[in-house]
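Student: Please take me through one part of this model closely. I would like to look at the aromatic side chains and then at what else the side chains do.

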Amino acid sequence: MHADLLIHAEWILTVDPEDCELIDHAVAIADGHIQAILPYDEARRTIAATEVIELPGHVLIPGLINAHTHAAMTLLRGLADDLPLMTWLHDHIWPTEQRWVDPTFVAAGTRLAILEMLRGGVTCYNDMYFYPEVAAQVSAEAGMRAVIGMIVVDFPTRYAAAADDYIAKGLALHDFYRDHPLIRLAWAPHAPYSVADDPLSQIARLAQDLKVPVHLHLHETQDEVQTALRERSERPFARIERLGLMGPQLTAVHMTQLEDFEIAHLAETGASVIHCPESNLKLASGFCPVAKLLEAGVNVALGTDGAASNNDLNLLGEMRTAALLGKGVAGSAAAVSAREVLRMATINGARALGLEREIGSLEVGKSADLVAVDLRDPHTQPVYHPLSQLIYAAGRHQVRQVWVRGRQLIRDGHPTSLHLAEILAEAQIWGRRIAAGGR
Ligand SMILES: CSC[C@H]1O[C@@H](n2cnc3c(O)ncnc32)[C@H](O)[C@@H]1O
Ligand SMILES: [Zn+2]
């Protein structure tokens, strides 16, 4: 058998249904896809590979999936800290975005985000931001996999005038990227408090027609739910259901306020929850009941949120926070285990985005989206369980090799498709411009 690439790792965590931990195995890759996973000595006897990569002391895992972010907000990192959500959004972020966000901002910010994410082992991200056509183009050029949000809000921005205009622009973008190997589209109405009933029901219909996910902030804070009850006498969850959005295509981001009947209902409908623990902690938004959701059978994936509320796009760190916080919230050390958080950051993210047949685990036939983490640092030794070191001790600087669809995008810690110095210089120019120009 011939392969383009044979990767021999000390450990492989497949995240397949059996959650296999393989020792001294190899992954064979051909045409961007996983051709075989087999013991290394057998691989050397049976496979002729164009390239062989030896990874002693490394654990090989599926590429991480950042299931909720606003990539270009890397350029607003550290602009407004230590504030609750609505003050942060209304008094700082939205005025700054109105003033500065244009296609050049989104290109520079998204490139910075992709560089940060790839270096941290993220191979796919689910984005919600203005000028999605720019994020899509930058991602495709970098070889990064992305689900790009066709955003909708009720207020005018430089990107679009009103809900109809946002929807029309989204539809055009969806047409443009039909059949692209790396770029998919999702509807991304911002939140129940920023999008009216009519566009929300229209999006529900269009999501069914186009068979794409719906990416929505939902029940982020207690204030969101209480304001809705005061103004509409209806919980946002119930409104989203009434407007036809609740179902397997829904990826509901945050969900810190959930009654038990809502958890049961999420499980029945097959909707996914995207948990963003660090953003929720930093904005003091509340605590997502992850253990209860998992126990009820809800698909829970993991996101960083944007770099202006996290303040990094470090999914490895997010897994650790999710595990620690999940135990604290559940009052049980057994809750939200290392195994469960790795699934949240991989296969559950893939399922939420409708990509579970392509990515999210290392299985024959799936796309070769892989990450190698070097565990030979002092703080990840000795290795009793590579999964434990990965979740509870490893840092993202230990991500050494990253492939998306078989193409190596990080080699020995360095990007191959992005220009580090140029991206940093551009980010600094934007930082100086924004700092000098006020809002
Ligand atoms: C319509 S583009 C996305 C929009 O969302 C804003 N945003 C970033 N983080 C959050 C968050 O945690 N909750 C609500 N909205 C958020 C971002 O600034 C853009 O305006
Ligand atoms: Zn968000």
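Tutor: What follows starts with the aromatic cluster and then moves to salt bridges, cysteines and a surface patch.

This is a predicted model, so local features need pLDDT of at least 70, side-chain atom pairs count only at pLDDT 80 or more, and totals for chains, interfaces and linings use all residues. Residues are numbered from 1 along each chain as its sequence is written, chains are lettered from A and ligands numbered from 1 in the order in which they are written, and side-chain values use heavy atoms, with hydrogens and water left out.

A pair of aromatic rings is described by the distance of the centres and the angle of the planes. Rings of Phe, Tyr and Trp (its six-membered ring) pair if their centres lie within 6.5 Å; planes under 30 degrees apart count as stacked, over 60 as edge-to-face and the rest as tilted. The structure holds seven aromatic pairs. In one of them, the ring centres of Trp 100 and Trp 430 are 6.4 Å apart and the planes stand at 90 degrees, so the pair is edge-to-face. Trp 100 belongs to helix α2 (residues 85-100) and Trp 430 to helix α16 (residues 420-437), so this pair links distant parts of the chain, 330 residues apart. Helices (H or I, at least four residues) and strands (E, at least two) are DSSP runs, numbered from the N terminus.

Trp 430 has another partner. Phe 105 and Trp 430 pair edge-to-face, with 5.3 Å centre to centre and 85 degrees between the planes. Phe 105 lies in helix α3 (residues 103-119) and Trp 430 in helix α16, so the pair ties together parts that are 325 residues apart in sequence. Trp 100, Phe 105 and Trp 430 make up one aromatic cluster.

Trp 100 is buried at 9%. Trp 430 is buried at 5%. Phe 105 is buried at 0%.

A charge sits over a ring if NZ of Lys or CZ of Arg is within 6 Å of the ring centre and within 35 degrees of the ring normal. The charged end of Arg 99 sits over the ring of Trp 100, 4.0 Å from its centre. The charged end of Arg 433 sits over the ring of Trp 430, 4.4 Å from its centre.

The term means a side-chain nitrogen of Lys or Arg within 4 Å of a carboxyl oxygen of Asp or Glu. A search of the whole structure finds 20 salt bridges. Glu 116 bonds this way with Arg 396, their closest N and O atoms being 2.9 Å apart. Glu 116 counts as buried, at 12% relative accessibility. Arg 396 counts as partly exposed, at 26%.

Asp 369 and Arg 145 meet in another salt bridge, 2.7 Å from N to O. Asp 369 is in the loop between α14 (347-352) and β13 (370-374), and Arg 145 is in strand β7 (residues 145-152), 224 residues apart. Both Asp 369 and Arg 145 are buried. Asp 374 and Arg 376 form a salt bridge too, at 3.0 Å, N to O. Asp 374 is buried at 13%, while Arg 376 is partly exposed at 46%. Salt bridges that share partners join Arg 145, Arg 184, Glu 358 and Asp 369 into one network.

Now the cysteines. A disulfide is a covalent bond between the sulfur atoms of two cysteines. Here it is counted as a pair of cysteine sulfur atoms within 2.5 Å. By this rule the count is zero disulfides. For Cys 124, the nearest cysteine sulfur is that of Cys 276, 14 Å away. Cys 124 is buried, at 0% relative accessible area. For Cys 288, the nearest cysteine sulfur is also that of Cys 276, 9.0 Å away. Cys 288 counts as buried, at 4%.

Technical notes. Buried means under 20% relative accessible area, exposed over 50%, partly exposed in between (1.4 Å probe, protein chains only).
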